[in-house]
Amino acid sequence: MHACVIHAAQDLRVEEFTPSAPAPGEAAVSVAFGGICGSDLHYYRHGRVGDFTVREPMVLGHEIVGHVAALGPGAAGPAAGTPVAVHPATPCDHCAECDAGRRNVCAATRYLGSAARTPHVQGGFAQYVTVPAAQLRALPPDLDLRRAVLAEPLSVALHAVRRAGAVRGRRVLVTGAGPIGCLVTAVLRHEGAAEVVVSDLMEAPLRIARACGATATVRVGADDDAQGRPFDVAVEASGAPAGLRTCVERTRRGGTVVLLGLLPPGEVPLLGNITVTRELELRGAFRFDTEFDDAIRLLADGLPVDAVVTHTFPLSEARAAFDLAHDRTIASKVLLDLTRHTHPEATTTSTP
Ligand SMILES: [Zn+2]
Ligand SMILES: [Zn+2]
């Protein structure tokens, strides 16, 4: 069995490991696909994401789907062979946040492939993983694994749109057309937003945003976006301070700005006086909880998000997959095919 392990910045290895049997309450999953997330890319490039730093070797990956391989003693979950998506989080269930229904911000949560805690929680880019059986979700029959792998990032998008409040009939700005910005766009349209304008530095991701339902796109630096009415809601999905600036500048008095992208570590500039005088609501959005089940349903119902997945690589070519995923002129969501480790000659598939 093999797994994709980060040792330090730029040091990503596909390594052999010996799988262990699921403990009581756990399930083992034969992983089929894993989606490479912006956070995985940050761990690869910088050895950290936001304020979380890699301090020991860690299997990356938290967007995974596969088949149940075995259930541990006393574990309740889908039977062996069932196709499943894996919810990446297990909150503690007894802190103040968990009690208040804010399980996604539980400080003691265990999240697959995250260096937020030490020892780190090992991730899912492995051919075989054991997780608490409660994290498994059986897939509906009409949802295939390749599409289901978007359940995790789509949950992030659903949660961010929930944080924005009612969006029906609203005019919404999304800064950043990466996979998350595009999924936010699809959710906003699904929730009835009248206009969704997406901005990015590059044209290729904006094309994907339009395929996901953006009513207009703005190429930063090329299109003149100075005109136009202010937005009711802005969702910052680029993780760049410039994106946050645009959101604050372009949101109407009394409007809401959702900060979704993880910004660079430490302090970032904020147009404080605009925030004050317009009485903007600045709201963070982090991860998700029960949105995972809603995301699976939306994917099964045909939410138009297929354009987000651009490439699939076998596990053995994980480094190439990570390198390509950095190139935003070509790639959006890049998948690892964990079933294809032993066939390094297999060709890379690409969908337009
Ligand atoms: Zn992710
Ligand atoms: Zn908790």
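This is a predicted model: local features need pLDDT of at least 70, side-chain atom pairs count only at pLDDT 80 or more; totals for chains, interfaces and linings use all residues.
Local features are described where pLDDT is at least 70, side-chain atom pairs count only at pLDDT 80 or more, and totals for chains, interfaces and linings use all residues. Residues are numbered from 1 along each chain as its sequence is written, chains are lettered from A and ligands numbered from 1 in the order in which they are written, and side-chain values use heavy atoms, with hydrogens and water left out.

Donors are N, O and S atoms within 2.8 Å of the metal (3.2 Å for Na, K and Ca); water is not among the atoms, so sites may look incomplete. Cys 95 counts as buried because its relative accessibility is 19% (buried means under 20% relative accessible area, with a 1.4 Å probe and protein chains only).

The zinc ion (ligand 1) is held by Cys 37 (SG), His 62 (NE2), Glu 63 (OE) and Glu 152 (OE), which lie 2.2 to 2.7 Å from it. The four donor atoms here subtend angles of 82 to 168°, so the arrangement is irregular. His 62 lies in the loop between strand E6 (58-59) and strand E7 (63-71), and Glu 152 in helix H4 (residues 151-164), so the pair ties together parts that are 90 residues apart in sequence. Helices (H or I, at least four residues) and strands (E, at least two) are DSSP runs, numbered from the N terminus. His 62 is buried, at 4% relative accessibility, and Glu 152 is buried too, with a relative accessible area of 4%.

Turning to helix H6 (residues 203-211), its buried residues are Ala 204, Pro 205, Leu 206, Ile 208 and Ala 209. These pack against helix H5 (179-190) and strands E14 (195-200), E15 (216-219) and E19 (309-314), where contact means heavy atoms within 4.5 Å. Just after H6, Gly 213 takes a positive phi of about 115°.

Finally, strand E11 (128-132) is one of the strands that each supply at least two residues to the lining of the second largest pocket, and E11 gives the most, with five residues.

Key: Buried means under 20% relative accessible area, exposed over 50%, partly exposed in between (1.4 Å probe, protein chains only). Four donors count as tetrahedral if all angles lie between 85 and 135 degrees; four count as square planar and six as octahedral if opposite donors are over 155 degrees apart and all others between 65 and 115; anything else is irregular.
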